[in-house]
Amino acid sequence: MMSLFPLLKGAIYPLVDYALPPRCPGCGAIVQEDFSFCLDCWGGMELLGEPCCARCGLPFPHDMGEGAECARCLADPPPFDSARAVLAYGDVARTVALRLKYGRRIGLARLIARQMVRHVPDSGDDPPLIVPVPLHRWRLWGRGFNQSALFADHLGRLTGLQVEKHLLLRTRRTQPLRGMNPAARAKTVRGAFALTDGHGVKGRRILLIDDVHTSGATAGACARVLHRGGASHVRLLCWARALPRDAAD
């Protein structure tokens, strides 16, 4: 029977591909490969990278020099040491995030992680520890998964870095931050996170994983806890971030 499997596989897979062709995660158009975007969606995405603020990753119009920070970070440095995101929060980024988060398309986590890899810092002699932003247990039970933890798992497999999904805890349930101003967001998440006992964070570099970076309140609260625990550097890495020109959501 085992010898028949390659023949069956060769006969069935073309039928499946014909019946269920791969589709663009952004718009649903048929594409050539699974987890690839169509040309229209690629054209509508604003990929982020250098040159940018060394601290928060805000795009710069031109190279400002090594270590340059934006005016906002200079005036009020965020709790994390650096932050990067794959792309600016827009229609495509929003659609993919919502399809994963609420449509339960968890296969999209692999696509997102593959795009995140280019922002993972070089390991060197001090490899970072991958830590996802946690969900409260009630929200986790209701949703069935933590999208940030899915990204972390895929990033760990892609990079070989250690993943600690239970190092950070969400100790109390908070209201959704959508619609709140930055001050209200920061107040809502204050004291909502803690480290597990025997966490082993002291002296470690942390790669903090989240889905969308808006005001940075949640990531900031996590970064403060990690720094209090002795982390030497906290880098936030997200799928998308809202740029200052966009209204926070």
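Trainee: What should I know about the model and its numbering before any term is applied?
Mentor: This is a predicted model, in which local features need pLDDT of at least 70 and side-chain atom pairs count only at pLDDT 80 or more, while totals for chains, interfaces and linings use all residues. Residues are numbered from 1 along each chain as its sequence is written, and side-chain values use heavy atoms, with hydrogens and water left out.

Trainee: What is the order of the open sheet of 4 strands, and what makes two strands a pair?
Mentor: Two strands pair if DSSP finds at least two bridges between them. The order is β1-β6-β5-β2, with parallel pairing. β1 (82-88) and β2 (129-132) each have a single partner strand and stand at the edges, so one side of each lacks a neighbour in the sheet. From one strand to the next the twist averages 25°. β1 pairs with β6 (residues 233-241) over 6 bridges, with Ser82 opposite Arg235, and β2 pairs with β5 over 4 bridges, with Pro132 opposite Ile209.

Trainee: Why is Thr218 called buried?
Mentor: Buried means under 20% relative accessible area with a 1.4 Å probe and protein chains only, whereas exposed means over 50% and partly exposed lies in between; Thr218, at 14% relative accessibility, therefore counts as buried. Thr218 lies in helix α9 (residues 217-228). Contact means heavy atoms within 4.5 Å, and, leaving aside residues up to four places away in sequence, Thr218 touches Val133, Arg170, Leu177, Val189 and Phe193. Of the 249 residues of the chain, 44% count as buried.

Trainee: How do you know that the buried residues of α4 line one face of the helix?
Mentor: In α4 (residues 91-101), the buried residues are Val92, Ala93, Val96, Ala97 and Leu100. Seen down the axis of α4, they fall within an arc of 125°, so they line one face; the arc is that of the directions from the helix axis to the C-beta atoms. Their cover includes α2 (39-43), β1, α5, α7 (147-159) and β6.

Trainee: Why are α5 and α7 called oblique to each other?
Mentor: Axes are lines fitted to C-alpha atoms, for helices over the stretch in contact, and angles run from 0 to 180 degrees between N-to-C directions. The axes of α5 and α7 come within 8 Å and cross at roughly 55°. Angles under 35 degrees count as roughly parallel, over 145 as roughly antiparallel, 65 to 115 as roughly perpendicular and the rest as oblique, and α5 and α7 are therefore oblique. The residues that meet there include Ile112 and Met116 in α5 and Phe151 and Leu155 in α7.

Trainee: What makes α8 and α9 oblique to each other?
Mentor: The axes of α8 (residues 182-189) and α9 come within 9 Å and cross at roughly 40°, and the two helices are therefore oblique to each other. In α8, Arg185, Ala186 and Val189 meet Ala217, Thr218 and Ala221 in α9.
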